[in-house]
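Please read them with the model open.

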Amino acid sequence: MPYILGIDTGGTYTDGVLLNFEEKVVVTKAKAFTTPQDLTLGIEECIDNLGEIQPTQIKMVSLSTTLATNAIVEGRGGKVGLILIGYRPTGKFPAHMISIVSGGHDALGTAKCELDREELTKVIGHMKGEVDTLAISGIFSISNPEHESQAKELVLREWVVPIICAHELSTTIGHYERTVTACLNAKLLPVISELLAAFKAVLKNKQINAPLMVVKGDGSLISEEKALERPIETILSGPAASVVGAMFMSGMETFLTLDMGGTTTDIGIVKKNIGECMKKGP
């Protein structure tokens, strides 16, 4: 009988279910305390508590988590170095260090000036050893990401460091919002990397070779590779998984879910024909 193994790692508990997808039946469920000092311990205990599992029966593994959400709420995560290209900050950014280099484009994608590679090299030397990850954001990079991409390439020639460019995450016009998104994504890189490494280690130990998918904040699934690149997409992963699971198991079209954890409490509301409901009002 083919099963799906579902694991949700929260700030307090790690929960697991073994699901018969075809019959919409939860075969068994279990939980264990999340162990922040070594996530593998809590994940392995949770799977052990599910009882005897035949590894060959597991056809897919789904991982949801609130660790990204909790990290933002609690101000945890990696130390971010933010490199701004052609833009002086006008607001606060969730970054440990901020540097500015000349470059950037206008709204039509025309370069305002050349990327200052000499200054960028100095910035890299200044940030080395001081930050864990990097975010790069250039003015109007959604019109032309050339300088962000060039800066990323130059950084990686001199420094092996997790790095994200703003244009890789968002195509919105607002430069401030796009930059904050890049910073938060960079901040979460070590958090999700640690979780996935622990999870894969446990699966290997249990001889479970099924594909590993991660639940996004909208309830859809992404590969582990994509989750490592864009951990910000796992914000609200846990609550989203609850909504999708409730819909799948109950068959209902209008319902409410309540996720009460040790760090956050999340509510999900699903309504049939929600567009019509919003037009009519309460």
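1. Basis. This is a predicted model, in which local features need pLDDT of at least 70 and side-chain atom pairs count only at pLDDT 80 or more, while totals for chains, interfaces and linings use all residues. Residues are numbered from 1 along each chain as its sequence is written, and side-chain values use heavy atoms, with hydrogens and water left out.

2. The chain as a whole. The secondary structure comes to 8 helices and 12 strands; these are DSSP runs, with helices being H or I of at least four residues and strands E of at least two, numbered from the N terminus. The C-alpha trace spans about 60 × 55 × 30 Å along its principal axes. Of the 282 residues, 44% count as buried (under 20% relative accessible area, with exposed over 50% and partly exposed in between, for a 1.4 Å probe and protein chains only). The accessible surface is about 14,400 Å², and 55% of that surface belongs to carbon and sulfur atoms (Shrake-Rupley method with a 1.4 Å probe; for residues, only the protein chains shown count as cover).

3. Contacts along the chain. Among contacts in the chain with a separation of 6 or more, 60% are between residues 24 or more positions apart. Contact here means heavy atoms within 4.5 Å.

4. Helix α2 against helix α5. Helix α2 (residues 67-74) packs on helix α5 (residues 175-205) at an angle of about 135°, with the axes 10 Å apart. Axes are lines fitted to C-alpha atoms, for helices over the stretch in contact, and angles run from 0 to 180 degrees between N-to-C directions. The two helices are therefore oblique to each other (under 35 degrees counts as roughly parallel, over 145 as roughly antiparallel, 65 to 115 as roughly perpendicular and the rest as oblique). From α2 the contact takes Leu-67, Ala-68, Ala-71 and Ile-72, and from α5 it takes Leu-184, Leu-188, Val-191, Ile-192 and Leu-195. By class, this contact has 9 nonpolar, no polar and no charged residues (Ala, Val, Leu, Ile, Met, Phe, Trp, Tyr, Cys and Pro count as nonpolar, Asp, Glu, Lys and Arg as charged, and the others, Gly among them, as polar).

5. Buried residues in α2 are Leu-67, Ala-68, Thr-69, Asn-70 and Ala-71. Their cover includes β1 (3-9), α1 (39-49), β4 (58-65) and α5. Just after α2, Gly-75 has a positive phi of about 70°.

6. Helix α1 against α5. The axes of α1 and α5 come within 9 Å and cross at roughly 45°, which makes α1 oblique to α5. This crossing is right-handed. On the α1 side are Leu-39, Thr-40, Ile-43, Glu-44 and Ile-47, and on the α5 side are Glu-194, Leu-195, Ala-198, Phe-199, Ala-201, Val-202 and Asn-205. The contact of α1 with α5 divides into 8 nonpolar, 2 polar and 2 charged residues.

7. Helix α3 against helix α4. Helix α3 (residues 117-127) and helix α4 (residues 146-158) pack at about 45°, their axes 10 Å apart, so α3 is oblique to α4. Arg-117, Leu-120, Thr-121 and Ile-124 of α3 meet Gln-150, Ala-151, Leu-154, Val-155 and Glu-158 of α4. This contact has 5 nonpolar, 2 polar and 2 charged residues.

8. Asn-185. Is Asn-185 buried or exposed? Asn-185 lies in helix α5 and is buried, with a relative accessible area of 0%. Beyond its neighbours within four places in sequence, Asn-185 contacts Ile-164, Leu-169, Glu-229, Arg-230, Pro-231 and Ile-232.

9. His-167. This residue is in the loop between β8 (163-165) and α5. At 22% relative accessibility, His-167 counts as partly exposed. Not counting residues up to four places away in sequence, His-167 touches Ser-141, Pro-145, Glu-148 and Ser-149.

10. Glu-224. Glu-224 is found in helix α6 (residues 224-229) and is buried at 14% relative accessible area. Leaving aside neighbours within four places in sequence, its contacts are Leu-196, Lys-200, Leu-212 and Val-214.

Terms used. Left-handed = near helix turned anticlockwise from the far one by under 90°.
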